Every structure is written in C-alpha cells, then in structure tokens.
Amino acid sequence: MASKVELVVEVKSPADKLWAALRDSTELFPKIFPEQYKSIETVEGDGKSAGTVRLLKYTEAVPMLTFAKEKLETADDENKVVSYSVVDGELADFYKNFKITLKVTPAKADGEGGAVVSWAMEFDKANDQVPDPDVTKETATKTFHDLDDYLLKN
C-alpha cells in the first residue's frame, strides 16, 4: 500500500528565484551542499524536461545512500511543479516506488514576500522491515531553508 508524506516550507526568497534554483539543482546543489552531494549529472535527456534521468552521488555523510538515479516525471515551469521517481540506487532497493513532487508558489498573491514550497513523497516499502523515509523529509526541510539562505546572500 502506498504511503504519502507531505510538508510545507515557507521561505523568504521570491518564488521565481527559488524555482530557478531548484530547476538548476544539477549544477547548483553540489556547490551549495558539498556535504551531501559528490556530484549530480544528467545521464539521459536535456536535464530539464520530463524523461530526463539524473545520477546523484552522495557523500559519506548521507546515511545508507551512495547514489540514486532519478527520472523526471513532470516538469511544469509555468505552474512551478516538478516530480521525479527514483529508478536505481539504494532507495530503489528499499522502496518499490519512491516519488517526490514539489510545487513552488508565491507566499502572497502579488508575488512579493517569499515563497511556499509544497513537497510530497509517495512510497511503497519493499517489505515491512524497511523504515519510513523520515530522514528524507527532514533533509528536504533543511535543504529548502539552506537554499533560501544561499539565495538571499547571492
């Protein structure tokens, strides 16, 4: 049975700036988060559109993961929505399905005053011994706040 975990994170950066940074995560995240990522590279596709496959290599600081391959399922720049599924790596061993969807919206109707990130993780455990991926939720929250701090300074 599929499980779903959701979170909402408010940040100070404008929605357009945050969205652009998230869409440029292949280049940006290894620079901003060297403690998490050794590298992120596009192995199939153009890096931006649905069907793209990326290879994420994690540092020793990331528990139980060395790499993940993710396939971009949705890439909607107009509505600022992106979703991807993990197709290879340790997460694919622990979970039959593992999909992340995130949407960025302005915090206020006029587009001023920051953004809201709505993040959802859907997963099916491979078996009952597999723990819930709580650390992924915690990491996502920290990543959005740290990315916001970076964008406010740069």
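Biologist: Is lysine 38 buried or exposed?

Modeller: Buried means under 20% relative accessible area, exposed over 50%, and partly exposed in between, with a 1.4 Å probe and protein chains only. Lysine 38 has 52% relative accessibility and therefore counts as exposed. Please note that this is a predicted model, in which local features need pLDDT of at least 70, side-chain atom pairs count only at pLDDT 80 or more, and totals for chains, interfaces and linings use all residues. Residues are numbered from 1 along each chain as its sequence is written, and side-chain values use heavy atoms, with hydrogens and water left out.

Biologist: Which residue forms a salt bridge with lysine 38?

Modeller: A salt bridge is a side-chain nitrogen of Lys or Arg within 4 Å of a carboxyl oxygen of Asp or Glu. Lysine 38 pairs in this way with glutamate 60, and their closest N and O atoms are 3.5 Å apart. Lysine 38 belongs to strand S2 (residues 37-44) and glutamate 60 to the loop between strand S3 (53-58) and S4, so the bridge ties together parts 22 residues apart in sequence. Glutamate 60 is exposed, at a relative accessible area of 70%.

Biologist: How many salt bridges are there by this rule?

Modeller: The count comes to seven salt bridges. One of them joins aspartate 77 to arginine 23, with the closest N and O atoms 2.8 Å apart. This pair links distant parts of the chain, 54 residues apart: aspartate 77 is in the loop between strand S4 (67-76) and strand S5 (81-89), and arginine 23 is in helix H1 (residues 15-23). Arginine 23 counts as buried because its relative accessibility is 12%, whereas aspartate 77, at 41%, counts as partly exposed.

Biologist: What is the arrangement of elements from the N terminus on?

Modeller: Helices (H or I, at least four residues) and strands (E, at least two) are DSSP runs, numbered from the N terminus. The chain has four helices and seven strands, in the order β-α-α-β-β-β-β-α-β-β-α.

Biologist: What radius of gyration does the chain have?

Modeller: The radius of gyration is taken over C-alpha atoms, and the globule rule is 2.2 Å times the number of residues to the power 0.38. For 154 residues, a compact globule would have a value near 15 Å, and the chain agrees because it has 15 Å. Its C-alpha trace spans about 45 × 30 × 30 Å along the principal axes. Buried residues make up 42% of the 154 residues.
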